[in-house]
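Trainee: Could you take me through one part of this model up close? I'd like to see how the pieces of a single chain sit against each other, and then what lies around them.

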Amino acid sequence: MFGRRSELPLKGDATSKFLPWLVALMVYLSAVAVAAVFVLNGLIDRWDRDVAGTLTVQVMPVPGESGDALTEERVRQAVELIRRTHGVEAVRALDKRQITALLEPWLGSADVVKDLPLPRLIDVSVDPGVRLDLGLLAERLGKAVPGVSLDDHRVWLSRLINLSRTTGWVAIAIVVLIGCVTSATVIYATRTGMAVNRGIIEVLHLIGARDDYIARQFADRAFALGFAGGVLGLALAVPTLTMIGWAARRVEGGFLPQLTVSLPGWVVVALLPLAAALLAMLTARLTVHGTLARMP
Amino acid sequence: MRHRPRGEHIIRFDGVGLRYGLGPEVLQDINFALPSGSFHFLTGASGAGKSSLLRLMYLGLRPSRGRVMLFDKDIALTKRYELPALRRRIGVVFQDFRLLDHLSALDNVALPLRVRGVRESEVHKHVPELLGWVGLAEHLNARPSTLSGGQKQRVAIARAVIGRPDLLLADEPTGNVDDHIAMRLLYLFEELNKLGTTVVIATHNEHLVGRFAHHSRLHLEHGTVRQGS
């Protein structure tokens, strides 16, 4: 493609100076957006995997002097009832110390939270192969033990997943928008190149060059410039993404989930320069064809 | 070059008119037909419309009205993708040469062959041969900007004839050369004509036309053409 003969002196034109830089910027932004999409998809999968097959049952604390004992009794009843339910693999009631430890990262030292009326939590593992009737279990729990509620995580998880998916679509929209801006720039650059070389194009046209013969020369040039810019953009994006991943790992500590781009994500990011070059080539070709169609 | 029986019309204008934009008609009711293998001088005063008529003939313009038949095809009804094939059968010597300044003389002359996809071995065989014939063997790699007016004109003529066209249109092809070169070029055109190429030369050089008086003449005057010998 790059070795093909070209009668049009496109190498030294103004397009050669700005188009690679612009494509580099576009590929850089696209790489960040694409990486974000893959990170979010990875997060969603991980959350889904982590909470699948688990339930949390919450027992509200009973106030009063004998509240602790009553609450403990309710927890015991709930554990018994859940354990007898078909499909439940394991039931574990968290004691007050464990609950306090869970809240420590948000509320501070155990001394502060130990006097708070915290609900007791029961962690339930469910056999993934069994379709548990959560509605029925909630009803039975509600009747047998006062102040009990069941959380299968799906409500809050689905909201989180929706948020992540929306963010993912926004990222995809940004990539599409970047593609449109790149195309618009290539159209402008190609039209400028055609105007500058109008005399040469007319000669080629009049001696019998087919439109595609002329279009191919612009397309080859756009591909070369787009690819060069794309590789530059990728070279800038890789350190950026690596740094973001490194920074995310540093603040992880159980608070942030692991923010990493999967292997397919890296493959897509690596293909962006080629995609940008092909987009530039196609746009240039169509632009030239459209302009030449107006010639006699 | 395709072999056409002599006498068959290679180009025909029926009631052709031409105006630029909304201006007045520069050519009006042009009617003529050129038999295949014929040789014509297109004469007329400066500004009579010789170049415009040639542009219509080499499909550089579309007429405002009337019908242009080229190689038995009505141009108005010809599909756009078919036009390059027709243009390849026409060789044009432009008045201002229209050489590509960034290419060598050899590459300029090779253009019609390359757009047809002719192999480079063929290009490098035929182009130097023709440039040698027009006296430019020493200037194969010279850029047009380094050539004199006459040399540029010969490169332009070589480019027009390299593809052995069925129709050769030349706009003042002897305008920048001395009489000796002019005669030599016209003999080249006659040789091509003998091989079957229809030749139309636009010129206001009456002296030259007089020396080749055996060829017919298309005379443009007041926007119309008069065909005679």
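Mentor: Let's start with the two domains of chain B, whose C-alpha centres lie 23 Å apart in this predicted model. The domain assignment gives domain 1 of chain B as 1–89 + 165–229, and domain 2 of chain B as 99–164. Where they meet, 11 residues of domain 1 of chain B are in contact with nine residues of domain 2 of chain B. Look at the domain 1 side of that contact: β7 (167–171) and α6 (179–194) of chain B each supply at least two residues there. It's α6(B) that gives the most to this side, with three residues. As for the kinds of residue on that domain 1 side, you'll find nine nonpolar, one polar and one charged.

Now step out to the neighbouring chain. Here 17 residues of chain B are in contact with 14 residues of chain A. On the chain B side, α2 (83–87) and α3 (105–115) are the elements that give two or more residues. The largest share, four residues, comes from α3(B). This side of chain B divides into 10 nonpolar, two polar and five charged residues.

While you have chain A in view, find Ile161(A), which sits in helix α6 (residues 154–196) of that chain. Ile161(A) counts as partly exposed because 17 other C-beta atoms lie within 10 Å, and being buried would take 20 or more. Then look across to Leu263(A): Ile161(A) and Leu263(A) are 102 residues apart in sequence and 21 Å apart in space, C-alpha to C-alpha.

How values were computed: Residues are numbered from 1 along each chain as its sequence is written. Chains are lettered from A and ligands numbered from 1 in the order in which they are written. This is a predicted model: local features need pLDDT of at least 70, side-chain atom pairs count only at pLDDT 80 or more; totals for chains, interfaces and linings use all residues. A residue is buried if 20 or more other C-beta atoms lie within 10 Å of its own, exposed if 12 or fewer, and partly exposed in between; C-beta atoms are placed from the backbone. Two residues are in contact if their C-beta atoms, placed from the backbone, lie within 7 Å. Ala, Val, Leu, Ile, Met, Phe, Trp, Tyr, Cys and Pro count as nonpolar, Asp, Glu, Lys and Arg as charged, and the others, Gly among them, as polar. Domain bounds come from an automatic or database domain assignment.
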